[in-house]
Each structure stands twice: as C-alpha cells, then as structure tokens.
Amino acid sequence: MAAAPAFLRGGFRPFFLGGATWALVALSLWLIALAGGLTLPTGFDPLPWHRHEMLFGFVGAVVAGFLLTAIPNWTGRLPIAGAPLLALFALWLAGRAAVLFSASVGMGLAAVIDVGFYLVVAALAGREVLAAKNRNLPVVGLVILFGGANAVDHAAALGLVADEGLGWRCGLSLVVVMISLIGGRIIPSFTRNWLTKQGVRDGLPGQPVLFDLITIGFTAVSLAIWIAAPDSIPAGVGLGLAGMLQIVRLARWKGLRTFRDPLVVILHIGYAWIPVGLVLLAGSIFDPAILRSAAIHALTAGAMGTMILAVMTRATLGHTGRELRAGPATVILYALVCVGAVLRVAAPLDLVDYTLGMEVSALAWGGAFVVFLAAYGPILLAPRLDEKN
C-alpha cells in the first residue's frame, strides 16, 4: 500500500473524487438535454438516464468508497489499494461511459459492465468481512441488492420489465435503508463524542436499541410495499408511520445541541430529510397536490446529497490526518446543498416560484459539489499529512 500513489491508498480517494465529479457532469448533461441543447447518446430515455446515473452512478460510487474505507476499520485487515483499487475504479468509469454511450456500444454490454461493478465490490467486501468474521455482512447484502436493482433498471430500459420505475424505486429504497442503518451508528456516536468533549455528561445519545431496529425494519417493510404497489393505501400508511418513527429516532440523537460544530450538525440535517421524504411520499399517495417528485427529491437531493457531502468531508479529513474541523469552504458547501435541496423540494409544492426555484436549486446543489472538488480534491490527491515528511 505504501508504494501506491496517494490517490490509490484508500477507496475513499478515487470514489469520492469520481462520484462528486460525476454528480456535476451528469447533472449538467441532464440540464442541457432538458433545455434542448443536447441529444444524449444513450439508449436510455433522458429522464431514466438522469435517474439512473444520479442513483447508480453518483450515489453508487460514494457507497463503494465508503464501504472500501470502512471495511479495514471493521475487520482490522489491510485496505484494497494500488492496482486492484485502480482496476475497480476503472470498472466504475467504464460503466458510466458505457451507459452514456449505450446507443452505440449496446444496452446489453452497458448493463453487464455497470452491474458487474457492484458484483465485484460485493465480492471484495464479502471476502474481507467473512475472513474477519465481522458482523457487517448485511451491509454487503445491501450492495448485492443494489446491484440487482441496477440490473432491473437496465431491464426496464430494454423493455423487459413492465414497470419502468421498479429498478429505481428498489435502488432508492435500498439507499434509504443504508442511511438508516449506517447513519444510526455514526450520527449518535459522533454526537456523543463531540458533546463529551464539550463537557456534557447528561442526556447523551446512546447506542442503538430495540426501538432503532424496529424503526429500520418498519421503514424497510414500508418501502418494500411501496416498491410493489407505489400508489396503494397500505404503502401510504406504512410510509407515513415510518416517517413518524424516524422523527422520534432522530430527536433521540440530540442534534439541536450540536449547532456549534458544522461537521456534526450536518449529519443530523441530512438524516432529517429521511422522515421528511417518507412523509411527503405518503402524502403524495393520498393528496394529488403533493407531487411525488418533491418526495423523491427530499430523499435524493436532500437525504442522499447532504449525507454524502457530510460523510465525504468528514472521512476525507479524518483519513488524511487532518483536524476534524469545518473550514469556510466546508460551511459554504453545506449551506449550498441545503439550499439546493430545500428549493428542489419546495418548487414542485408551489412554495416558491417554480422556474426560479428549480434554477437556483440546480445552481446551489451543483455548486456544493464544485466547492467540494475545489476544497477537497487536492486533499484526496495528496498524501496524508503525516506521510509528507
């Protein structure tokens, strides 16, 4: 690992950098295509391509980077680095190119490359977890399911699945469950550590308990019902109740006491989009005035976008030997992603002017990733601070 270039000394480095870059590229291409300035060379229709690449391209890259970085901490084994990491990153890049140019290279080949990436990630992660007899095998299972959802989305694009939204609903739901599972570990832990450093001894968030397991399980079951019957009353009732449980869960983590540390409070803000999205999704089933796109973007632009930036900034600082402190650029990118998410959800609900809200939302949300790349790109490319001397 020491002989590898700095960029290949941890899964977070190429995949955080690549994921953030692709978020900008995919968003920009979609907006240009939407305005009629470009015909995308993909076999997907424009909107399904946008959904696919933001979910299975951008979010998937960050999930891979997080997993490859977390596994050595979970297992005590050496991280995947050097040539194997480069090959894995190249496979992800090949998937992005193949899907974008699938009208030329063929939809079948694009699917094989794209889905194959997740199977390889799951195989590598599963090998490490099993070798260490670690308890995180369910996380590997979620990655396999995510790859399966990716395959279903490709099948839908080929017309092999009657329900064209089945794949992306599965993928979105799996990421929500991942955030519920992993967020439920790191958010109360980081919050408790920070409050302890401030001298707080009472009312600290505790370890996950039965209530947390019930909340995650109920959320997963409700989303499964929604996947199967997205407009059904049982789905609406389940999602609404799951949202209420998630609100109670979040409140137990004492996020209101952490506003002096942006690195901690942004985790609570990101997670708060989960109950907001679930409640809005339930509302869209019962009230036509609540557009489903608002709920979907609460879970994607809101929960996923904010949590991804929160995790990428914190992990990048921590794993490169830097102080866990949010500088001005970090605070700015947090503010931008929050503004972008709020406006993206508010616009279809007619809470702001639709056109202006959508335009400012795209600029703010995309701007957050521009700031991330400018501030954290050089860090991801450089050695750890303690390796420079």
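The model is a predicted one.

**Entry 1, aromatic pairs.** By this rule I get 15 aromatic pairs. For Phe7 and Phe89 I read 6.2 Å between the ring centres and 80° between the planes, so I put this pair down as edge-to-face. I find both Phe7 and Phe89 buried.

I then looked up Phe15 and Phe117, whose pair is tilted, with 5.8 Å centre to centre and 45° between the planes. Phe15 belongs to helix α1 and Phe117 to helix α5, so this pair ties together parts 102 residues apart in sequence. Phe15 has a relative accessible area of 0% and is buried. Phe117, at 1% relative accessibility, counts as buried.

Which residues do the ring pairs link into a cluster? I noted Phe7, Phe15, Phe56, Phe89, Trp92, Phe117, Tyr118 and Phe146.

I listed the contacts of Phe15, leaving out residues up to four places away in sequence. Phe15 touches Ala61, Val62, Ala64, Gly65, Leu68, Leu85, Leu88, Phe89, Trp92 and Phe117. The largest nonpolar core holds 116 residues, and Phe15, Trp49, Phe58 and Trp226 are the ones that touch the most other members. Helix α11, residues 292-319, supplies the largest share of this core with 16 residues.

I checked the length of α2, which runs over residues 46-75. At 1.5 Å a residue, its 30 residues should span 44 Å, and I read 41 Å between the end C-alpha atoms, which agrees. Where does α2 bend? The bend is at Gly60 and comes to about 35°. I count 23 of the 30 residues of α2 as buried, so the helix is largely enclosed by the rest of the structure. Gly76 follows α2 and has a positive phi, near 80°.

Last, I looked up Arg314, which lies over the face of Phe190 at 3.9 Å from the ring centre.

Note on methods. Residues numbered from 1 in each chain as written. Predicted model: local features only at pLDDT ≥ 70, side-chain atom pairs only at ≥ 80, totals over all residues. Heavy atoms only, no water. Helix = DSSP H or I, 4+ residues; strand = E, 2+ residues; numbered from the N terminus. Expected span 1.5 Å × (residues − 1). Bend = angle between axes of the 7 residues up to and from the residue. Buried < 20%, exposed > 50% of the residue type's maximum accessible area, 1.4 Å probe, protein only. Core = buried A, V, L, I, M, F, W, Y, C linked by side-chain atoms within 4.5 Å. Contact = heavy atoms within 4.5 Å. Phe/Tyr/Trp six-rings, centres within 6.5 Å; stacked < 30°, edge-to-face > 60°. Lys NZ or Arg CZ within 6 Å of the ring centre and 35° of its normal.
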